[in-house]
Amino acid sequence: VASAALVEQVRALFGPKMDAVERELVAHLDQCPQHLRDHARGVLRRGGKRLRPILHLLCADLLGYKGDRDVLYATVFEYVHVASLLHDDVIDEADTRRGSPSLNRQLGNTLSVLVGDYLCVKALSLAALAGDLDITAVVSKTTIDLVEGESLQELQSGRLDVTPDEALRVIELKTGRLMAAACETAAMLAGEPEGSPHREKLREFGLQLGLAFQLVDDVLDFSSDAETLGKPVLSDLRGGKLTLPAIHARERGGPEALRILTTVIEDGDFSRVSASEVLALVTDSGGLAAAQAMARTAAARARAALVGLPPGQSLDALAVATEYAVTRKF
Ligand code: FPP
Ligand code: MG
C-alpha cells in the first residue's frame with residue numbers, strides 16, 4: 001500500500017521528471033559499444049523501483065531547486081545502483097533478478113561484469129562532466145563505499161561469529177551510503193553548503209532510510225517467496241552470509257541454532273538442514289522480529305531527520321518512503 005502511495009505521489013508531483021530520467025537512462029548509452037548497449041538497456045528496462053532517483057528528485061524539490069540537473073544526477077545514481085547489482089549477481093552467483101534470468105546467467109560473468117563496469121564509469125563521467133566538483137566527489141566516494149561494503153561482506157562470508165555491529169557496518173556501506181548521497185547531493189544542488197542543517201538532515205534521512213531498506217531486504221530473504229521477490233529466497237545463508245536475523249538467532253537460539261547455522265553454511269544448501277527448519281529457527285528465536293524492529297528504528301530515525309525541513313508535498317512523500325521501507329513486500 002505504502003509503495004503504491006509513494007509511486008502515485010511521486011508520479012503526481014514529478015511525472016515529467018521521472019519520464020525524463022527514463023529517457024536519460026536510455027539516451028546516455030548512445031555511445032556505449034553496441035554489443036554491451038542492448039544488454040545495459042535491457043537490464044534498465046527490466047525496471048526496479050527507481051528509489052534513488054525518486055529520493056534525489058524529492059530532496060531537490062524540497063529545498064526549492066528549480067533547474068534540471070536533478071534529472072542527470074538521478075540517472076547517475078540509478079546507473080551506480082544497477083552496476084553494483086550486476087557485479088553483486090556475479091559475486092553471489094545469482095540466477096534471477098527482478099523476476100528474469102540475471103544478466104550473468106544470460107551472458108556469462110565476463111560480459112556481465114563489463115556491462116556493470118561501463119555503467120559505473122559512465123555514471124562517474126556524467127557526474128564529472130556536469131561540472132560540480134563537490135557533488136562529483138560525493139558520488140565517487142560513495143561508489144568506493146559500495147566497494148568497501150561488498151568486500152567486507154565477502155570477508156565475513158562463512159564466519160559464524162559475525163557481530164551485529166559488523167553486519168550493520170556492511171549494511172551502511174553497501175546500501176545506506178548510496179541513499180544518503182542521493183539525498184545529500186540534492187541539497188548540494190539546491191545550494192546547501194557543507195554542514196548546513198538541511199544538508200545534514202537529508203544525508204541522515206537517506207542513510208537511515210537505506211539501513212531500514214536493507215534490514216528489510218535481509219528479513220525478506222528469509223520470510224518471502226521467490227515469486228514475490230523476483231529473486232530466490234534464503235540465498236544469504238546459503239551463500240555463507242550471516243545477516244541480522246541469523247545473527248540474532250545464533251545469539252538467542254542456543255546450541256541447536258549454532259548447529260543449524262553451521263550446517264547450512266558448511267553445506268551451502270538445504271540437504272541436511274531443511275529450509276523450513278531454518279525458517280522456524282529465525283522465526284522462533286525472534287531473529288526476524290528483531291531485524292524488523294531494527295528496521296523500524298532506522299525508519300523512525302529517518303522520519304526524525306525530516307523535522308525542521310520545509311513542509312509540503314515532497315516532505316510528505318519522503319515520510320511515506322519511510323513507511324514503504326518497512327512495510328514493503330518485495
Ligand atoms: C545487493 O545486496 C548489493 C549491493 C547493495 C551493493 C553491491 C556493491 C558492489 C558489488 C560493489 C560496487 C560495485 C560497483 C559497480 C559500484 P544483496 O546481495 O544483499 O541484495 P540482493 O539480494 O538484491 O542481491
Ligand atoms: Mg545479492
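The model described here is predicted. The residues of α13 that count as buried are A257, I260, L261, T263, V264 and I265.

Helix α13 covers residues 254-267, which makes 14 residues. At 1.5 Å a residue, α13 should span 20 Å, and the C-alpha atoms at its ends are 20 Å apart, so the two values agree. Just after α13 comes G268, which takes a positive phi of about 70 degrees.

## Overall make-up and dimensions

The protein contains 16 helices and 2 strands. Its C-alpha atoms fill a box of roughly 60 × 50 × 30 Å, taken along the principal axes.

For 330 residues, a compact globule would have a radius of gyration near 20 Å. The protein has a radius of gyration of 20 Å, which agrees with that expectation. Among contacts between residues at least 6 apart in sequence, 72% join residues at least 24 apart.

## Burial, surface and charge

Of the 330 residues of the protein, 52% count as buried. The protein exposes about 14,100 Å², and carbon and sulfur atoms supply 55% of that area.

There are 36 positive and 46 negative charges in the protein. The mean position of the positive charges and that of the negative charges are 3 Å apart.

## Two residues with positive phi

R98 is not a glycine, yet its phi is positive, at about 55 degrees. This residue lies in the loop between strands β1 (96-97) and β2 (100-101). Is R98 buried or partly exposed? The relative accessible area of R98 is 26%. Buried means under 20% and exposed means over 50%, so R98 is partly exposed.

L234 is another residue other than glycine with a positive phi, near 55 degrees. L234 has a relative accessibility of 8%. That value is under the 20% cut-off, so L234 counts as buried.

How values were computed: Residues numbered from 1 in each chain as written. Chains lettered and ligands numbered in written order. Predicted model: local features only at pLDDT ≥ 70, side-chain atom pairs only at ≥ 80, totals over all residues. Heavy atoms only, no water. Helix = DSSP H or I, 4+ residues; strand = E, 2+ residues; numbered from the N terminus. Expected span 1.5 Å × (residues − 1). Buried < 20%, exposed > 50% of the residue type's maximum accessible area, 1.4 Å probe, protein only. Rg over C-alpha atoms; globule rule 2.2 N^0.38 Å. Contact = heavy atoms within 4.5 Å. Areas by Shrake-Rupley, 256 points an atom, 1.4 Å probe, with all protein chains shown as cover. Lys, Arg positive; Asp, Glu negative; His and termini not counted. Charge placed at Lys NZ, Arg CZ, Asp CG, Glu CD.
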